[in-house]
Amino acid sequence: MVKYIRNIIRQRELLFHLALVDFKLKYRNPFLGVLWAVIMPLLSISIYWWLFSSLMSIRIEKYPFFIYMMTAVFPWMYLQSSVLSASTSLIDKGTLVKRVNIPREIIPLSVVVSNLLNFFINLTLLFILLIVFKIGISWNILLLPLVILMQITLIAGFSLLASALNVK
């Protein structure tokens, strides 16, 4: 296990390059480009907000409900998009796997890093809305990097498992 981790650390430049290429390819064709990374989560939040606040009459007293939804939906979207994209990544980049001698784990992990960029865009949007609506941020925010690191580790594990099972 340590051997694999060292090999991935040695190839980190390739990992980040593949992640950046994946991010650029994802937003190259849409009409709005990278702005699409902000619009899609907001549309999802709008649907959830309408569903839960209008149809189910769920109310949150202290905060606006859509901000409450963002704190749950953004991490879920990161997990879902990473695992789904990583599960097919080895098959999608089969020619790269066959022609170049690289650790196979790099390809699904590059998808996780690419979706991490989307997640950071979404977190930035969330923090902007927290400031706009004058919602106080507690000192617990200092634990956010640790929580994000644990989330990345979990998502990387699920992504590697899903990509290996898809190849089998």
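The axes of helix H7 (residues 106-132) and helix H8 (residues 144-167) come within 10 Å and cross at roughly 145°. Axes are lines fitted to C-alpha atoms over the stretch in contact, with angles from 0 to 180 degrees between N-to-C directions. H7 passes H8 in a right-handed crossing. The model is predicted: local features need pLDDT of at least 70, side-chain atom pairs pLDDT 80 or more, while totals for chains, interfaces and linings use all residues. Numbering starts from 1 along each chain, and side-chain values use heavy atoms, without hydrogens and water.

Residues in contact (heavy atoms within 4.5 Å) are listed here.

| Helix | Contact residues |
|---|---|
| H7 | Pro108, Leu109, Val112, Leu116, Phe119, Phe120, Leu123, Phe127 |
| H8 | Leu144, Ile148, Gln151, Ile152, Ile155, Ala156, Ser159, Leu160, Ser163 |

By class, this contact has 14 nonpolar, 3 polar and no charged residues.

The chain has 8 helices and 0 strands. Helices are DSSP runs (H or I) of at least four residues, strands (E) of at least two. The C-alpha atoms fill a box of roughly 55 × 35 × 25 Å along the principal axes.

Met56 lies in the loop between helix H3 (36-55) and helix H4 (65-87).

Definitions and conventions:
A crossing is left-handed if the near helix is turned anticlockwise from the far one by less than a right angle, and right-handed if clockwise. Ala, Val, Leu, Ile, Met, Phe, Trp, Tyr, Cys and Pro count as nonpolar, Asp, Glu, Lys and Arg as charged, and the others, Gly among them, as polar.
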